[in-house]
Amino acid sequence: TQGVSSAASDVYKRQGKVWSRTGIDRKQRSILNIAMLTALNRPAQLRSHIEGALTNGCTVDELREILLHTAVYCGLPASLDAFRVAEEVLRARKLLD
């Protein structure tokens, strides 16, 4: 059987391959991840993906629209948690007052 660290390494290798595929760009992949992590209500993972989305070219306005859209389809509680995480990240980057 495969050890935990070996299995985790395999997951990270596959993740890198997914992110480097053609078809959609990194910004679009970030948008998808933000929506999915919001739907799954995973604020800890969402934080790093919001950081990545900003690095990949997402604007504050785009992040706002993504999270507003998730409120309708994922529910208000999950969306509000995501907005809190996004606000923390944006304030830390001095992108919000």
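Biologist: Is Asp 81 buried or partly exposed?

Modeller: Burial is judged by relative accessible area: buried means under 20%, exposed over 50%, and partly exposed in between (1.4 Å probe, protein chains only). Asp 81 has a relative accessible area of 26%, so Asp 81 is partly exposed. This is a predicted model, in which local features need pLDDT of at least 70 and side-chain atom pairs count only at pLDDT 80 or more, while totals for chains, interfaces and linings use all residues. Residues are numbered from 1 along each chain as its sequence is written, and side-chain values use heavy atoms, with hydrogens and water left out.

Biologist: With which residue does Asp 81 form a salt bridge?

Modeller: A salt bridge is a side-chain nitrogen of Lys or Arg within 4 Å of a carboxyl oxygen of Asp or Glu. Asp 81 pairs with Arg 84, and their closest N and O atoms are 2.7 Å apart. Helices are DSSP runs (H or I, at least four residues), numbered from the N terminus. Both residues belong to helix α5, three residues apart, so about one helical turn separates them. Arg 84 is partly exposed, at 47%.

Biologist: How many salt bridges are found in the whole structure?

Modeller: The search finds six. One of them joins Lys 27 to Glu 62, with 2.8 Å between the closest N and O atoms. Lys 27 lies in helix α2 and Glu 62 in helix α4 (residues 60-74), so this pair ties together parts 35 residues apart in sequence. Lys 27 is partly exposed at 24% relative accessibility, and Glu 62 is partly exposed at 27%.

Definitions and conventions. Helices (H or I, at least four residues) and strands (E, at least two) are DSSP runs, numbered from the N terminus.
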